[in-house]
Each structure stands twice: as structure tokens, then as C-alpha cells.
Amino acid sequence: MEIGTFNYNDWLDFGQLSITHGMYHGPSAHKKHFQACGGRNVLFGHVHSSECETFVSRGVSKSAWSLPAMCELNPHYIKNSETSWQNGYATVFMKPNGNFNLNIHLVLDNEICLPTGDILR
């Protein structure tokens, strides 16, 4: 399988999942991303924190996930303000039928605990 590049805020439809950087923030960000991708499952990173919200589209549950970031959590433009930003990443295991399993992995205290119990520093 080949994955090319796509532009900032373009959409990548990967099986039953739509992926974008994201353009909405605030309390309605998950719902707005869900609506913007046409009621599909959606993964976005614009808010830099891990959260999932589930919606129903034509009787089928769909989810909107926001991703943590792999960046400095207190960049100069934040000016030491408190944020809910987190470090982390996601893995997506795509099944041949387009269904998938998505796992979000948080980096806490500069460590990642793998499913095997191994700790990466």
C-alpha cells in the first residue's frame, strides 16, 4: 500500500476513517469535524489532546478522535498559559473490509509503556 502526501487540512479517507489535521477547536470541535467529513469516523490533531466523542449517523455509531501532539507543550506563543495539550501518537490497524482499530498512546514523563509492558524512554 502506498500513502502519498496531502495538503494541510485536506482529507485522507482510509477505509472507514477520514484523517485531517483539523480546523476546529473548542467544545464543539469533535462534532464539527464529524460533520465536515460527512458523518464518517474521523481522526484529527488540531487540538493537541486526546479525546473521543461518539455520534450516531443513520443508526450506526461513528467516532471523532482528537490526537495528542509530538511537539513542545509550551511553545513561545502560548506564553506559559495552561493548556490541555498532551504528547502522544496513534496507531491504526486497518482490516481488509475498511473497519479498523485505533489506539492512542500517550507519552507521560517522557516514557511510553508498550502493550508488552516494555517502557521506552
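Biologist: Which side chain has a polar atom 3.5 Å from the backbone nitrogen of Tyr24?

Modeller: This is a predicted model. A polar contact is a pair of N or O atoms within 3.5 Å. In this pair Tyr24 supplies its backbone nitrogen, and the polar side-chain atom 3.5 Å away belongs to His33.

Biologist: Where is His33 found?

Modeller: The chain has one helix and nine strands. His33 is not in a strand but in the helix, residues 29-36, which is labelled α1.

Biologist: Is His33 buried or exposed?

Modeller: Leaving out residues up to four places away in sequence, His33 touches Trp11, Thr20, Gly22, Met23, Tyr24, Val42 and Phe44. Buried means under 20% relative accessible area. The relative accessibility of His33 is 0%, so His33 counts as buried.

Biologist: Which loop holds His48, and is that residue buried or exposed?

Modeller: His48 has a phi near 65°, a positive value in a residue other than glycine. Its loop runs between β3 (41-44) and β4 (51-57). With the cut-off for buried at under 20%, the 16% relative accessibility of His48 makes it count as buried.

Biologist: Asn80 has a positive phi too. Is Asn80 buried or exposed?

Modeller: Asn80 is not a glycine, yet its phi is about 60°. This residue sits in the loop between β5 (60-66) and β6 (87-94). Exposed means over 50% relative accessible area. Asn80 reaches 64%, and therefore counts as exposed.

Biologist: What percentage of the residues in the chain are buried?

Modeller: The C-alpha atoms fill a box of roughly 40 × 35 × 30 Å along the principal axes. The chain exposes about 8,100 Å², and carbon and sulfur atoms supply 50% of that area. Of the 121 residues, the buried share is 33%.

Biologist: How far apart are the mean positions of the positive and negative charges?

Modeller: Lys and Arg count as positive, Asp and Glu as negative, and His is not counted. The chain has 8 positive and 10 negative charges, and the distance between their mean positions is 12 Å.

Technical notes: Residues numbered from 1 in each chain as written. Predicted model: local features only at pLDDT ≥ 70, side-chain atom pairs only at ≥ 80, totals over all residues. Heavy atoms only, no water. Helix = DSSP H or I, 4+ residues; strand = E, 2+ residues; numbered from the N terminus. Buried < 20%, exposed > 50% of the residue type's maximum accessible area, 1.4 Å probe, protein only. Areas by Shrake-Rupley, 256 points an atom, 1.4 Å probe, with all protein chains shown as cover. Charge placed at Lys NZ, Arg CZ, Asp CG, Glu CD. Polar contact = N/O pair within 3.5 Å; in protein donor to acceptor, adjacent residues only side chain to side chain. Contact = heavy atoms within 4.5 Å.
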